[in-house]
Amino acid sequence: MLAALVAVGALVTGFAFGANGERIATLFLIYLCAVLSISVFTGGAGITSFGHAAFMGIGAYVSGILTMPKALQVSALPQLPTFLAGHEAGIVAAILAVAAAGLIAGLITGIPIARLGGSSAAIATLALLIIIHVILNGAREITRGSQTFYGVPRLTTLATALIFALAFILIARLFRDTGPGLRLRASRENDVAAQACGVSLFQVRYIGWILSAVLATLAGALYGHFLGAFSPKDFYFDLTFLLIAMLIVGGMLTVTGAIVGTALITAVIQILRLAEGGIDLGFVQIPVIFGLTQLGLGVALLLTIWRRPLGIVGLQELGLRANALVQPAAGEAPAANPSSAGKSLTVSGLSKRFGGLQACDDLTFTIERGKVTGLIGPNGAGKTTLINLICGQLKPDRGTVVIDGEDVTSRAPHLIATAGLGRTFQAIRLFDRMTVLENVTVAALTIEPDLGKARIAAETLLARLELAKDAHRLAGTLAYGERRRLEIARALALRPRYLLLDEPAAGMNPVETEALKTMLDRIRHDFDLGLLVIEHDMHLIMRLCDFIVVINKGQKIAEGAPAAIRSDPKVIEAYIGAAPETEITASTPSTGGVQNETAISTA
């Protein structure tokens with residue numbers, strides 16, 4: 001649908017308004033290719049790139065040199081190196097060379113940029129733009145420096161630009177929903193949660209950057225063959241500002257937004273350029289206004305950011321179809337983990353200091369497969385810090401984390417996730433602008449690289465956790481209890497051997513808490529995994545857990561069965577408090593029999 005709309009719009013403009021209309025339509029399609037190349041990375045990673053105009057410059061110069069007539073090349077580029085001189089290649093060979101140049105440029109520049117995030121990465125792309133601009137100006141033998149580079153065959157026609165634009169739309173749409181595209185979008189939504197799902201931030205950003213660099217150089221070749229003569233300033237700040245404006249106005253998160261923004265800004269530019277030279281309306285004379293085009297772009301950007309922060313299109317994507325859910329057969333069993341006999345996650349001597357604060361101090365305990373271990377303690381005791389140390393989000397000062405005999409202490413978070421460790425967060429971290437199904441599929445791809453199989457695994461999990469009906473809703477629109485269940489479903493998609501839950505009952509009413517307990521009991525048996533549950537709800541902890549670890553001020557003060565913890569004086573003093581009378585109803589873990597309720601009383 002998107003491709004059809006673009007084709008119809010470009011052809012109607014080209015044929016309805018004569019030669020000028022054809023020029024405007026061709027320019028629109030070239031701009032669209034450039035904006036889509038930026039969208040692949042910026043829309044996916046959430047990192048604004050100011051460097052893609054530089055890639056366009058590389059593409060324009062490479063193609064221009066290779067296709068320039070030999071006779072003209074002698075006069076225009078008399079000092080051109082021998083290995084570049086005298087080729088006069090055809091357009092197909094030139095396009096292949098441009099793609100290769102873009103691939104090399106992307107591979108080299110992507111190494112530092114993919115390691116950065118947020119504003120640091122954006123500034124790095126700005127530096128890239130400046131560096132390549134300086135190189136293009138300095139390589140006089142090849143580019144004529146700041147002088148006009150002329151003699152480039154005008155090979156970009158409306159038909160050529162349309163073919164490339166349609167191909168770019170297809171590539172951008174397909175990449176968006178591939179495994180790397182999904183995981184890149186997950187890194188945009190929440191990089192910490194993405195790593196917990198097994199996503200390598202460097203890998204997905206690197207892939208997105210390389211693809212976008214190749215597309216940008218191809219767009220630059222089209223632009224160069226449209227202009228016929230250009231200089232490095234044509235691929236600098238003005239072009240960058242224009243392309244970023246198009247992307248932001250339409251919406252940088254979707255292909256539809258790139259198309260709408262490019263079409264709208266192209267039309268606005270043409271109108272403002274007419275007005276810039278002065279207009280006589282008969283009853284009023286509008287004087288010449290220099291800089292009106294840039295002013296108009298600036299106003300459009302401000303209005304969009306103010307009124308529509310996600311762009312005119314927002315999160316809407318034309319041409320998407322919802323896939324039917326696969327309903328698992330009744331009684332279908334989850335994929336089984338290897339035998340849990342003698343398996344455990346062991347934390348030994350784990351310590352972490354933040355300046356003068358000892359957040360964790362020589363913590364040692366074990367989480368056994370098939371059992372629920374509770375981790376309790378007062379606010380600020382170091383519980384969440386401990387979880388972050390186990391999952392690799394923080395690096396310990398000393399100590400080890402061993403999963404089934406394998407030391408994972410020094411591994412990156414995404415590698416610890418693949419080693420069999422899933423987690424949820426104290427403050428829910430979902431990929432809010434992705435669907436429920438996409439959230440779980442991102443994690444499933446860590447275990448099953450085939451997208452189709454990963455999607456089926458995700459659908460099966462959603463059905464088991466009663467979220468199938470919401471599969472195609474945006475995760476950010478779910479109710480609180482559903483968001484908690486989705487976070488657990490996403491963690492289970494990793495097929496973990498151990499699952500760490502950070503305050504899963506926080507904010508829940510008693511009915512929701514009871515449903516959570518039932519679900520966790522079912523999960524630990526059905527999936528044969530070890531659970532570590534951090535929770536302030538003592539009633540839930542005492543009924544759910546087989547074993548409890550208590551920490552206070554970063555130190556372990558007690559561990560044992562719920563009955564032992566209930567009567568431990570240190571726990572009563574540090575966690576339960578010294579109120580005149582405190583009562584907590586609890587029970588030993590139930591295997592289907594009657595719960596053995598007891599109460600704690602202190603005076």
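A: In this predicted model, strand β3 (residues 344-354) pairs with β4 in the antiparallel sense, over 8 bridges. The two strands form a hairpin, with 2 residues between them. Gly355 lies in that turn and has a positive phi of about 60°. One of the facing positions is Leu345, which stands opposite Ile367 in β4.

β3 also runs antiparallel to β6, and 5 bridges join these two strands.

Val402 has Asp407 in β7 as its bridge partner.

Put together, these pairings give an open sheet of 4 strands in the order β4-β3-β6-β7, with antiparallel pairing. β4 (357-368) and β7 (406-407) stand at the edges; each has a single partner strand, so one side of each is left without a neighbour in the sheet. As a general point, side chains in a regular strand alternate between the two faces of the sheet.

Now for the wider setting. The domain assignment gives domain 1 (1-279 + 289-307) and domain 2 (344-576). The centres of the two domains, taken over C-alpha atoms, are 44 Å apart. Even so, 20 residues of domain 1 are in contact with 22 residues of domain 2. About 1,800 Å² is buried between the domains, and carbon and sulfur atoms give 63% of this area. On the domain 1 side, Leu182, Glu189 and Cys197 lose the most area to domain 2, together 29% of what that side buries.

There are also polar links across the boundary. Between domain 1 and domain 2 the count is 2 salt bridges. The side chains of Arg185 and Glu438 meet in a salt bridge, with 3.2 Å from N to O. Residue pairs in polar contact between the domains number 6.

On the side of domain 1 that touches domain 2, α9 (179-189) and α10 (191-196) each supply at least two residues. α9 gives the most to this side, with 7 residues. By type, the residues of this side divide into 9 nonpolar, 6 polar and 5 charged.

How values were computed. Residues are numbered from 1 along each chain as its sequence is written. This is a predicted model: local features need pLDDT of at least 70, side-chain atom pairs count only at pLDDT 80 or more; totals for chains, interfaces and linings use all residues. Side-chain values use heavy atoms; hydrogens and water are left out. Domain bounds come from an automatic or database domain assignment. Contact means heavy atoms within 4.5 Å. Buried area is the accessible area (1.4 Å probe) that two parts lose on being put together, summed over both. A salt bridge is a side-chain nitrogen of Lys or Arg within 4 Å of a carboxyl oxygen of Asp or Glu. A polar contact is a pair of N or O atoms within 3.5 Å; within protein, one must be able to donate a hydrogen and the other to accept it, and residues adjacent in sequence count only if both atoms are side-chain atoms. Ala, Val, Leu, Ile, Met, Phe, Trp, Tyr, Cys and Pro count as nonpolar, Asp, Glu, Lys and Arg as charged, and the others, Gly among them, as polar. Two strands pair if DSSP finds at least two bridges between them.
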